[in-house]
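Good morning, colleagues. Please look at the structure on the screen while I go through its fold, its overall dimensions and a few points of backbone geometry.

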Amino acid sequence: MYTSATTVIQALIFVMNKTNTTGRRSVIVLPLVGRSSKYFNSVVKKVVNNNIVVVTAAGNYRNDACRYSPGNSPHVINVGATQRKDRLYQLSRRHGGGSNFGKCVSLYAPGDSVLAARDDDYGTTSGTHAACGIVGGAAALV
């Protein structure tokens with residue numbers, strides 16, 4: 001499913017305003033990756049400056065994570081993915097790709113065959129979006 005950057009920005013601002021109104025601590029998990037955007041990153045910075053933790057997926061292009069927003073913002077926790085034996089997650093050789101890497105990745109978390117909820121069931125998923133969810137859950141507990 002595709003969601004526009006405008007919709008995501010509106011959601012970020014909504015959560016920021018709601019958090020300011022209620023005074024509750026919040027964590028936002030953004031398991032999405034797009035081309036580098038100064039504007040998108042400025043909105044993320046504003047959200048973080050309002051005491052909201054933002055956790056992002058580094059992306060699954062097997063490339064430098066600094067090339068993609070919002071993970072290239074220095075204000076987020078940008079999560080790469082690992083697989084068994086703590087190796088950098090990679091898709092099958094036939095499909096290419098795998099976890100992005102580099103100085104814009106804050107940390108790595110398990111991202112291979114992660115158990116996840118579905119609409120009316122559960123199953124496994126893989127990639128930095130899965131690893132991002134694990135870190136977001138841990139951040140919410142702190």
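In which loop does Lys 85 lie? Lys 85 is found in the loop between E5 and strand E6 (87-88).

First, the basis of what you see. This is a predicted model, in which local features need pLDDT of at least 70, side-chain atom pairs count only at pLDDT 80 or more, and totals for chains, interfaces and linings use all residues. Residues are numbered from 1 along each chain as its sequence is written, and side-chain values use heavy atoms, with hydrogens and water left out.

Let me turn to the fold. The protein contains 3 helices and 9 strands; helices (H or I, at least four residues) and strands (E, at least two) are DSSP runs, numbered from the N terminus. Along the sequence their order is α-β-β-α-β-β-β-β-β-β-β-α. Contact means heavy atoms within 4.5 Å. Among contacts between residues at least 6 apart in sequence, 66% join residues at least 24 apart.

Next, the dimensions. The C-alpha trace spans about 45 × 35 × 30 Å along its principal axes. The radius of gyration, taken over C-alpha atoms, is compared with a globule rule of 2.2 Å times the number of residues to the power 0.38. For 142 residues, a compact globule would have a value near 14 Å, and the 15 Å of the protein agrees with this. Of the 142 residues, 36% count as buried, where buried means under 20% relative accessible area, exposed over 50%, and partly exposed in between (1.4 Å probe, protein chains only).

Now the backbone. Most residues other than glycine have a negative phi, and most peptide bonds are trans.

What kind of peptide bond joins Ser 69 and Pro 70? The bond is cis, with omega about 0 degrees. Pro 70 lies in the loop between strand E4 (68-69) and strand E5 (77-83).

Arg 62, although not a glycine, has a positive phi of about 55 degrees. Arg 62 sits in the loop between strand E3 (52-57) and E4, and counts as partly exposed because its relative accessibility is 48%.

Finally, back to Lys 85. This residue other than glycine also has a positive phi, near 60 degrees. Is Lys 85 buried or exposed? With 72% relative accessibility, Lys 85 counts as exposed.
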